[in-house]
Amino acid sequence: MAEPLLRVDDLNISFHGGRSVTHAVRGVSFDIDREKVGIVGESGSGKSQTGRALLRLTPKGARITAKALSFDGIDLLAASEPDMRKIRGKRISMILQDPKFSLNPLMRVGQQIVEAYRVHTPSSKAEARDKAMAMLEAVNIRNPRRVFELLPHEVSGGMGQRIMIAMMLILEPDLIIADEPTSALDVTVRRQVLTILDELVTRRGAGLMFISHDLNMVADFCDRVLVMYAGRIVEDIPARDLKHAEHPYTRALLDSLPRLDRPVDMLTVPKRDPAWLTSPTIRRASA
Amino acid sequence: MMPSQTLGKDRILEAVGLHVSFGTGLTSTVAVDDVSFTIARGEAYGLIGESGCGKSTILRTIAGLVDSYDGALLFGNKELPGKRDKDFFRKVQMVFQDPYGSLHPRKMVESVLAEPLAIHKFDNPRQRIDAVLEAVGLGPSFRFRYPHELSGGQRQRVAIARALVIEPEVLLLDEPTSALDVSVQAEILNLLKTLRRETGVTYFMVSHDIAVITHLCDRIAVMADGRIIEEMTAADVRAGRAREPYTRTFLEASTGYVTAS
């Protein structure tokens with residue numbers, strides 16, 4: 001079997017502060033090929049840290065160990081900082097959770113997209129500007145010319161997130177790590193954004209790591225779903241089988257969502273079982 | 001569940017031709033455009049729409065956080081004064097979206113809850129605080145905690161307790177679960193449902209999540225571009241009975257990634 005685009009084997013991330021040690025990620029293993037993989041879990045389950053570790057954006061003071069952490073043959077743990085800079089944005093890009101804190105507040109949003117493009121691609125200002133305009137249009141911004149000149153505080157949360165996505169997709173990376181890219185968006189816009197992501201992933205044959213807490217959306221959008229709980233992957237399941245998930249935690253998460261097609265009086269609140277901390281990952285191969 | 005009482009006599013909150021705009025001249029933006037609705041006492045009324053459609057502005061206008069508006073807002077059949085009086089805030093309270101931002105970081109839960117009681121001159125603050133903490137499922141041991149010692153769900157419970165401690169008649173809920181995990185969201189939604197059943201408080205909830213709003217509310221108004229496009233019952237939403245094309249698109253977009261069956 002060929003080497004997958006991304007291989008993560010036994011990834012551990014721990015934070016050492018004073019006398020206490022926090023294990024954010026504990027022995028996580030998975031592969032991502034040119035496919036859409038969803039990672040779901042609650043806050044604090046380690047899903048964002050897993051994503052950040054791939055770009056080596058983990059805060060100082062964290063200890064990362066892994067048997068393997070390789071992207072397209074590159075060992076991400078051993079790569080030098082200059083090498084990482086060539087990878088970040090160009091080969092692996094990350095769409096972050098909150099555009100409010102990820103965009104430079106003092107720079108016009110269009111200029112930020114142009115900068116992202118020109119850092120990695122030698123091009124004239126005009127060329128980059130055209131490309132940025134096209135990208136803004138691609139993320140369904142109605143008046144790109146006007147939005148280009150806006151400052152981040154002048155755009156709504158939803159628009160900010162679309163600008164972030166435009167900035168991250170403009171270089172057409174091989175692997176996109178999307179950390180809750182649509183949780184701030186409206187349903188109708190969300191669908192458009194997902195369509196854009198879907199298009200890029202399929203057309204370019206890129207891989208997508210889609211971090212989210214929305215199980216149903218992930219089930220519909222992704223090919224495969226990894227369910228994380230307390231720093232571990234408890235279940236690895238093809239997306240279309242999600243509703244037949246075996247792990248009690250996955251089941252509990254599914255049941256805790258209000259649904260239009262199944263009215264209930266009271267929602268089920270997941271009850272946690274300490275055994276989930278040590279039980280092996282349930283893996284189901286795609287058919 | 002209570003049936004909708006649109007035509008019932010006992011209206012608690014009513015908007016007639018509400019119009020809110022921000023800015024002047026060329027930069028003026030109309031946020032709310034000729035919006036009218038009636039909420040009956042004890043009802044749970046939901047307002048749904050995309051960001052920027054004006055739903056939060058309506059909530060903020062009712063709460064008195066928007067200074068100038070045209071049209072009328074009626075509370076208990078009386079028009080609200082431009083500057084809300086103390087009695088209004090005794091009866092109408094708001095729960096904000098982000099429990100991380102809406103609690104004072106240097107105030108203990110006890111003083112957060114004691115302040116509204118002192119302002120409105122309630123007796124027995126101690127017993128009331130204990131009772132409300134019990135009601136939101138936290139318990140009296142949480143009195144001496146600071147917000148940073150609480151999880152997101154616990155903070156939102158404190159925010160709900162703060163609103164409920166003075167026994168209001170209407171609770172304005174501005175996306176009360178959108179900053180929370182699904183498991184915590186389930187807890188808070190259950191809590192809100194139970195509290196309404198026990199106290200008969202009226203809910204006016206704003207959300208962009210159709211499943212959440214349908215779970216909690218009896219009647220739902222769909223907003224777009226500052227207008228209420230359509231009012232539906234929860235049963236209509238579940239059955240997908242929408243008259244307006246916009247509502248239909250909205251429902252489809254919402255359920256497109258929800259129904260995996």
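Trainee: In this predicted model, what is the handedness of the crossing of α4(A) and α7(A)?
Mentor: Take the geometry. The axes of α4(A), residues 109-120, and α7(A) come within 8 Å and cross at roughly 20 degrees. Angles under 35 degrees count as roughly parallel, so α4(A) is roughly parallel to α7(A). The crossing of the two helices is right-handed.

Trainee: Turn to chain B. Is α3(B) roughly parallel or roughly antiparallel to α5(B)?
Mentor: The axes of α3(B) and α5(B) are 8 Å apart, and the packing angle is about 25 degrees. α3(B) passes α5(B) in a right-handed crossing. The cut-off for roughly parallel is under 35 degrees. With an angle of about 25 degrees, α3(B) therefore runs roughly parallel to α5(B).

Trainee: How many charged residues are in the contact of α3(B) with α5(B)?
Mentor: From α3(B) come B:Val109, B:Val112, B:Leu113 and B:Pro116. From α5(B) come B:Val158, B:Ala161 and B:Arg162. Six of the residues in this contact are nonpolar and no residue is polar. The charged count is one.

Trainee: Why are the buried residues of α4(B) on the same side of the helix?
Mentor: The buried residues in α4(B), residues 125-135, are B:Ile129, B:Val132 and B:Leu133. A helix has 3.6 residues a turn, so residues three or four places apart point the same way. What covers the buried residues of α4(B) includes α3(B) and α5(B). They share a side because they cover an arc of only 100 degrees.

Trainee: Is B:Gly153 buried or exposed?
Mentor: B:Gly153 is found in α5(B). Beyond its neighbours within four places in sequence, B:Gly153 is in contact with B:Leu180, B:Val184, B:Glu187 and B:Ile188. The C-alpha atoms of B:Gly153 and B:Leu180 are separated by 6.7 Å, though the residues are 27 apart along the chain. With 21 C-beta neighbours inside 10 Å, against a cut-off of 20 or more, B:Gly153 counts as buried.

Trainee: A:Glu180 has a positive phi without being a glycine. Is A:Glu180 buried or partly exposed?
Mentor: Its phi is about 50 degrees. A:Glu180 sits in the loop between β8 and α8 of chain A. A residue needs 20 or more C-beta atoms within 10 Å to be buried. A:Glu180 has 18, so A:Glu180 is partly exposed.

Trainee: Is B:Glu175 buried or exposed?
Mentor: B:Glu175 also has a positive phi, near 45 degrees. B:Glu175 lies in the loop between β7 and α6 of chain B. With 21 C-beta neighbours inside 10 Å, B:Glu175 is buried.

Trainee: Which element gives the largest share of the side of chain A that touches chain B?
Mentor: The contact joins 30 residues of chain A and 30 residues of chain B. α7, α8 and α9 of chain A each give two or more residues to chain A's side. That side has 14 nonpolar, nine polar and seven charged residues. The largest share, five residues, comes from α9(A).

Definitions and conventions. Residues numbered from 1 in each chain as written. Chains lettered and ligands numbered in written order. Predicted model: local features only at pLDDT ≥ 70, side-chain atom pairs only at ≥ 80, totals over all residues. Contact = placed C-beta atoms within 7 Å. Helix = DSSP H or I, 4+ residues; strand = E, 2+ residues; numbered from the N terminus. Nonpolar A, V, L, I, M, F, W, Y, C, P; charged D, E, K, R; others polar. Buried ≥ 20, exposed ≤ 12 C-beta atoms within 10 Å, placed from the backbone. Arc of directions from axis to C-beta. Axes fitted to C-alpha atoms, helices over the stretch in contact; angles between N-to-C directions. Parallel < 35°, antiparallel > 145°, perpendicular 65-115°, else oblique. Left-handed = near helix turned anticlockwise from the far one by under 90°.
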